[in-house]
Amino acid sequence: MLLAAYREVKNSDIHTAELDEHLEQCSSCREVLARYSLVGEHIRTLPPLEPAPDMHAKLMRALASEHAQFIQHSASAPPPPAFLKPYLREHASSSQKVDAFTAFSSADTGPLPIIRTTRKKRHSHFRQFAVAGLVAVFCMALLMGGITSLLLLAHGNVPGGEGAITINHPADVASTTYTSSTLYQHVVSAVANRTSIYYTAYNDDTNAAWMLVQLDRTTMLSTPLLSKPSSGPLIVLGSKNGWLVWLQYEVIKTTKHSNLSRYTLHSPSYNWSLHALSLVSQSASGDTETSNPPITLASGTFDQEAVPNWVHSPVQGIWFTQDALIVAMLDKNGISHLMSYPLGMQSSVTTTTFATASPEHVFTSPTSNDDGTETYWADEWRGDDGNLHSNIWAQEVLPIPPERGPRHIETTTITYPFLQDGLSFRPIVVDNMLFWLSSTVRTSTTTNTTSTATPNSTPLTTPTPNTNGNSIPTTAWNDTSLDNNVRSSLLMLPLDESLPTSAVQINTNGFAYALQAGTNFVLWQTDNGYGMYDVASRGYITVASDADSARFLVVNGDTAVWLPGSPTDVTPTGVGPQTTLMAFNWPRK
């Protein structure tokens, strides 16, 4: 053994004087050493071995398979490392054990995460001495005041297990009424934050003028935000990160179609544009603040006859990310797209197309997680049965682990159908929890609810939008969404786990519809008013009853704002036109 390692030993700090002296006297050992040296020289002259190109992928797939088996047999497995997640998804898609209703994929779209059901723990049999020990501990607990703990247990005050939904006692929101003098008293849409309410309204002039207005929630003063009124309707869509976004309708045109079997002789169409306004004032010379000019994100022509007859707006939803705006919109040919627009004061706007829908399909309800690496949206269409159907799609940005060389971050984007049952609507992400309306789950009802079960599909009606006499809708897109009347069950699924548990139903009484999201809560309509769920505290919130008759209610960030259902058109003597809105904050402070 020493002779085999003589070359390495000789070059090290190990003392080899005795071995050297022996080699000078022993010809047999010198012959063996020469053979070893010759073999070593031949080995060192060989070319270096390169690993197979697919070795890294095979190794990762093997690790993914082992990790998946470990998760299946472990009650509390730690989350997998980031470099293994893409291969776990690939393993899930190729496994024969994956439930087709909880995980599905295709070669074109990529895999879905596994939705795993919670395993029940097996209880082992206690040995006799263990039972005796437990009895002794129980007796000591009684002697030291353990009766209190037993009383708490009897009343059910035991924390839920992992993944359980804890239902706290309902809390009430505190709504406030805001009445302000304004030249534009007929409010059509509004959003709010903790300091202001932003609303669009028109006046009583012969040629009704429209304005985007800011109502200060402290002073009750209304201030126009545009340099001049608009001749067409304005619909405010949302506000976040210091930006306000609205939709503006412009000149009405009349188009003629030769195919009278599908189109009417004269079909309405109009120009539209999507605008954003930075609410952060800029400092000019002399330390004076100046307002920012609006920027135009997109514009086009909306032809009512080029789109399905149940679509009345070119925009079907927006979502704010950290530095961009995701928009579900229709082009002039009636094709639906999911677009991303950066929000900034740059002179030009660079757009990114997330996805394009198939003909007769419409994208709605875009949403994403906190860091924007997971985006979800609904793909809605009218089926041959005359009902409205919807799938939920997802797009994820995943890291690519480097195979060789210096470590640097690379990513890949995969797009896949997250829920493909045709009965899943309105995805919304709050605190890395995905909420959606599902018509596949039967929902509980109360004596006040006339329906007894969730229908398998949603009958499609052709809504008639509110207009100002010129065929242009004058209600917020929240109020005329395609799926506004979808009556379903509200489900929740966590997104921050590598292998999420099964979805949990949130609504407890009757059906849920018209789902909206705040920063830390979701709010929906029921047959008896509004339901509200706080995601952070896992508790239900009681919404003020005066919102039940609201003409519209819109959630934005920490605030919900609504137009009371019985506005008064009579103003006090000597007082000019006024408008009244109501709002609440959640959390309250």
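Four strands make up an open sheet in the order E2-E32-E31-E30, with antiparallel pairing; strands here are DSSP runs of E with at least two residues, numbered from the N terminus, and two of them pair if DSSP finds at least two bridges between them. Strand E2 (176-181) and strand E30 (552-556) stand at the edges, each with a single partner strand, so one side of each has no neighbour in the sheet. On average, neighbouring strands of this sheet are turned by 25° against each other, direction ignored, with axes taken as lines fitted to C-alpha atoms. Between E30 and strand E31 (residues 559-563), the antiparallel pairing runs over five bridges, and Val-555 stands opposite Ala-560 in E31.

This is a predicted model, in which local features need pLDDT of at least 70 and side-chain atom pairs count only at pLDDT 80 or more, while totals for chains, interfaces and linings use all residues. Residues are numbered from 1 along each chain as its sequence is written, and side-chain values use heavy atoms, leaving out hydrogens and water.

Turning to the aromatic rings, the structure holds seven pairs, where rings of Phe, Tyr and Trp (its six-membered ring) pair if their centres lie within 6.5 Å, with planes under 30 degrees apart counted as stacked, over 60 as edge-to-face and the rest as tilted. The rings of Phe-363 and Trp-377 have centres 5.9 Å apart and planes at 65°, so this pair is edge-to-face. It links distant parts of the chain, with Phe-363 in strand E17 (residues 361-368) and Trp-377 in strand E18 (residues 374-382), 14 residues apart. Phe-363 counts as buried at 4% relative accessibility, and Trp-377 counts as buried at 1%; buried means under 20% relative accessible area, exposed over 50% and partly exposed in between (1.4 Å probe, protein chains only). Elsewhere, Tyr-249, Tyr-270 and Phe-302 form one aromatic cluster.

Notes. Axes are lines fitted to C-alpha atoms, for helices over the stretch in contact, and angles run from 0 to 180 degrees between N-to-C directions.
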